[in-house]
Each structure stands twice: as C-alpha cells, then as structure tokens.
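Colleague: I'd like to go through this model with you and ask what lies behind the words you use. Can we put it up first?

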There are 2 protein chains.
Amino acid sequence: MRMRYGLYVITCEDPSRGRGHLEVAEAALKGGATTIQLRDKHMPAKELYRLAEEMKLLVKSCALGSIFIINDRVDVAAAVGADGVHLGQEDLPLEAARKILGKTAIIGVSAANVKEAVEAERGGANYLGVGPVFPTPSKDDAGEPIGLGGLEEIRRAVSIPLIAIGGINQDNLEAVLKAGADGAAVISAVAGAEDMVVAAQRLAQMIDLHLRGGE
Amino acid sequence: MRMRYGLYVITCEDPSRGRGHLEVAEAALKGGATTIQLRDKHMPAKELYRLAEEMKLLVKSCALGSIFIINDRVDVAAAVGADGVHLGQEDLPLEAARKILGKTAIIGVSAANVKEAVEAERGGANYLGVGPVFPTPSKDDAGEPIGLGGLEEIRRAVSIPLIAIGGINQDNLEAVLKAGADGAAVISAVAGAEDMVVAAQRLAQMIDLHLRGGE
C-alpha cells in the first residue's frame with residue numbers, strides 16, 4: 001500500500017500575510033490537505049518544540065489519517081512524536097535521522113536530480129520532495145527549477161512516492177501529476193492565498209480527482 | 001563521584017581569528033582542557049554532523065576521559081554519539097533531550113539565576129553552565145552579568161557541578177572558583193588567544209591547583 005501524501009502543505013511564516021503557522025495548518029487541513037509540514041529555520045528549538053506539540057494535536061484532531069512532518073529538526077520530531085521529518089540535502093543524513101526516529105517514522109528527503117533521488121531511495125527514504133519544479137518565491141535557497149522533464153526523469157528512476165514542490169498552483173498542478181507526482185507540496189499557494197481554505201480545497205480536489213482517475 | 005568538567009572550552013568560529021572549530025578544539029585539548037563543546041548556531045545540520053564526527057574522534061584520541069558536548073542540536077549529539085548536549089534556556093527542554101539521549105548522556109543546562117538552576121537540577125541536569133559571570137564579547141545574546149555574588153547564590157541553591165561562564169580569564173578565574181564553580185567555560189580566552197595551547201594550559205593548571213587544594 002502506497003502512503004497518500006496528497007496535498008502537502010508547508011507552513012512557513014514568510015509568505016503567510018502575517019498569519020501564524022497554526023492558522024495556516026488549520027486552514028489547510030479544513031481545505032483537505034493530507035500532510036502538514038512545519039518548517040521554521042529561524043525559531044529557537046524550545047519555541048519550535050512548543051509549536052510542534054500544538055500543531056500535532058491540531059493535525060491529529062482535524063482529520064483522520066493526516067500526516068504531521070517536521071522540517072530539519074529530528075530532535076524536535078522525536079520529542080513531540082511527529083509522524084516524521086523532512087530532510088533537505090543540507091540537513092542531517094538520512095541514516096542518522098533513521099537511527100534516532102526508528103523504522104516506523106516517515107522520512108522524506110529533498111531531491112533535485114536522479115542521483116539524489118536514487119541515493120535517498122536506497123537509503124530508505126519514505127518519500128521524496130522533488131523540485132523545485134517551477135521557479136518559486138518562497139524558498140530563497142532553492143536551486144534552478146528542474147521543470148516537468150526533471151520530474152519525469154526522477155519518476156522513471158525511483159518507485160517511492162514523489163511529492164512535487166516549487167511554484168505549484170492550480171494552473172500547473174494537473175501537469176505535475178501527469179508527469180508522475182503522487183502529491184504536491186505548496187507554501188505560497190495556500191499560505192499566501194486570500195482564502196486559504198478555498199485555495200487548499202481546489203488543490204486537494206484536483207489531486208483527489210487525478211488519483212481516482214488513475215485507479 | 002563528581003564528574004570533572006575542569007577547563008571547558010567552547011569552540012566558536014567568531015572570536016577565533018579565522019581558526020576553525022577543530023583547530024581550537026585540538027589546541028584546547030593539548031593545553032589540558034577536559035571538556036570541549038561544539039557550538040555553531042548557523043551551520044546547516046549536515047555540516048555540523050560531519051564536523052561533530054571529526055571532533056568526537058579528536059576529543060577521544062587526544063586525552064583519556066575528555067568530554068565531548070554539542071550545543072543545542074540533540075539530534076546531532078545522538079547521531080554522532082557525543083557524550084552529551086548543552087541546552088540554553090531557548091533550546092529543547094531538558095526532559096525532551098533526556099528522552100532522546102537516554103539516562104547516561106550528560107545534559108548541561110544554562111542557568112542565569114537560582115530559579116533556572118533549581119529547575120534544571122530537579123529536572124535531572126548533570127551540570128549547569130552558570131553565567132554570564134562577567135561581561136563578555138563572545139555571546140551577543142547573553143544577559144546581564146550575574147557577578148560572583150550571583151554565582152555564590154546559585155552555589156548555595158544546588159549541588160550539581162557548576163561551570164561558570166562569561167568573561168572568564170586568568171585574572172578572575174581564581175575568584176570564580178572560590179565563589180563555588182567546579183570548572184570554567186571559556187570561548188575567547190582560548191579561541192581568541194595568540195597561543196591557544198598556552199592560554200588553555202594556564203587556565204587548566206589554575207583549575208587543577210584549586211581542585212587539588214580543595215581535596
């Protein structure tokens with residue numbers, strides 16, 4: 001059985017029009033997001049820990065089967081009992097995170113090319129965050145966009161779930177799913193929307209429709 | 001048996017005259033430092049992890065019984081098998097770190113007053129980093145100096161080892177030890193010295209003499 005990451009919303013204070021992490025997460029879940037990732041590279045660990053405790057309760061109370069992932073801080077994920085962690089190429093190595101979190105944790109790894117994707121799959125990653133597919137304003141350290149072609153190449157190289165990321169919105173989501181993504185991760189498309197619930201709903205429905213069509 | 005933290009040198013790139021973490025650690029150990037803490041609040045986790053692996057080997061090969069502590073990142077400490085972690089008041093809570101690292105890990109906590117000291121002792125901290133005792137240029141987020149009086153107050157309130165920190169040098173070290181510190185943590189006094197080995201030697205000898213005098 002393949003895990004359903006569906007609409008994967010990353011909370012991030014920058015593009016959120018002054019909204020906090022919890023507000024973004026709640027709206028995303030109401031709109032049908034399946035996975036929530038808490039990402040904050042600047043927050044001190046204690047603050048992130050307290051926030052992650054609250055967010056875990058929110059994710060688990062809002063929708064059955066929702067997944068709660070923490071970015072980078074494996075210790076915070078372990079401490080609050082999150083479902084897993086997402087690791088960028090500059091974060092802790094996969095094997096180190098696995099040692100701390102155990103076999104049942106979900107560990108996602110960012111991959112921008114076939115080499116990184118294959119390495120992460122071999123190392124036991126549960127999913128890949130693949131991108132940036134398109135140019136994106138949300139992540140200033142993101143590399144060059146890999147395009148739909150880059151996503152297709154990675155799709156052919158690995159079999160674990162691929163969550164496409166980077167500049168994904170209502171207009172290009174269908175193409176991303178057709179290129180082989182199992183789900184899509186967004187920051188601005190939800191957190192920066194005027195009505196976050198509606199924005200999440202539209203994206204979640206498109207992913208649902210695509211997945212059902214493929215069954 | 002009380003653990004001997006002795007001269008506790010924090011590696012930190014800022015005041016190190018361009019020297020790297022490993023260079024500072026090696027000189028400190030050659031000079032007689034007993035404990036090395038790796039602190040880098042800006043380095044990405046993977047880089048910190050690789051550096052911590054190297055530093056652990058260095059600490060363990062340089063001197064028998066030396067202690068290797070990592071600042072803040074409990075996950076990195078767990079991943080490399082460091083002796084322990086040092087937690088500031090803004091880092092992960094003590095109980096969360098203990099859950100991840102287990103009973104035998106050394107967990108130190110920063111305390112600037114009696115309340116924080118008593119709370120950390122009750123929570124199972126293995127030692128306290130007490131200060132800043134004097135004004136310090138190394139740590140821009142440090143609070144108001146607590147002085148020798150503040151150190152004495154904390155000494156009366158708790159019984160776990162106290163490592164004084166903040167502006168400690170050859171001139172004031174004796175007074176700090178007389179005020180009840182079991183050891184002293186320094187950054188600039190070693191990392192910023194022209195000859196780091198000699199600087200560490202002088203401080204380590206003073207601590208040794210004091211501890212022997214007290215037996």
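Modeller: Let's begin with pairing: two strands pair if DSSP finds at least two bridges between them. Helices (H or I, at least four residues) and strands (E, at least two) are themselves DSSP runs, numbered from the N terminus. Keep in mind that this is a predicted model, where local features need pLDDT of at least 70 and side-chain atom pairs count only at pLDDT 80 or more, while totals for chains, interfaces and linings use all residues. Residues are numbered from 1 along each chain as its sequence is written, and chains are lettered from A and ligands numbered from 1 in the order in which they are written.

Colleague: What makes S1(A) and S2(A) a pair?

Modeller: Four bridges join strand S1 (residues 7–11) to strand S2 (residues 35–38) in chain A. Pairing asks for at least two bridges, so these strands qualify. They run parallel.

Colleague: What do the strands of chain A close into, and in which order?

Modeller: A barrel: eight strands in the order S1-S2-S3-S4-S5-S6-S7-S8, with parallel pairing. From one strand to the next, the twist averages 25 degrees.

Colleague: How many helices and strands does chain A have in total?

Modeller: Nine helices and eight strands.

Colleague: Why is chain A called as compact as a globular protein of its length?

Modeller: The radius of gyration is taken over C-alpha atoms, and the globule rule is 2.2 Å times the number of residues to the power 0.38. For 215 residues the rule gives 17 Å, and chain A comes out at 16 Å, close to that, so it is as compact as a globular protein of that length. Its C-alpha atoms fill a box of roughly 40 × 40 × 35 Å along the principal axes.

Colleague: Which residues is Pro145(B) in contact with?

Modeller: Two residues are in contact if their C-beta atoms, placed from the backbone, lie within 7 Å. Leaving aside neighbours within four places in sequence, Pro145(B) is in contact with Pro132(B), Val133(B), Phe134(B), Pro135(B) and Gly166(B). Pro132(B) sits in that S6-to-H6 loop of chain B, and the peptide bond from Gly131(B) to Pro132(B) is cis, with omega near 0 degrees.

Colleague: What about Asp72(A): buried or exposed?

Modeller: Asp72(A) has 24 other C-beta atoms within 10 Å, so it is buried. Its phi is near 70 degrees, a positive value in a residue other than glycine. Asp72(A) belongs to the loop between strand S3 (67–71) and H3 of chain A.

Colleague: How many residues does each chain bring to the contact between A and B?

Modeller: Chain A gives 18 residues and chain B gives 18 residues. On the chain A side, helix H2 (45–62), helix H3 (74–80) and helix H4 (94–101) are the elements that give two or more. H3(A) supplies the largest share, five residues.

Colleague: What kinds of residues are on that side of chain A?

Modeller: Ala, Val, Leu, Ile, Met, Phe, Trp, Tyr, Cys and Pro count as nonpolar, Asp, Glu, Lys and Arg as charged, and the others, Gly among them, as polar. On that basis the chain A side has 11 nonpolar, no polar and seven charged residues.

Conventions. Axes fitted to C-alpha atoms, helices over the stretch in contact; angles between N-to-C directions. Buried ≥ 20, exposed ≤ 12 C-beta atoms within 10 Å, placed from the backbone.
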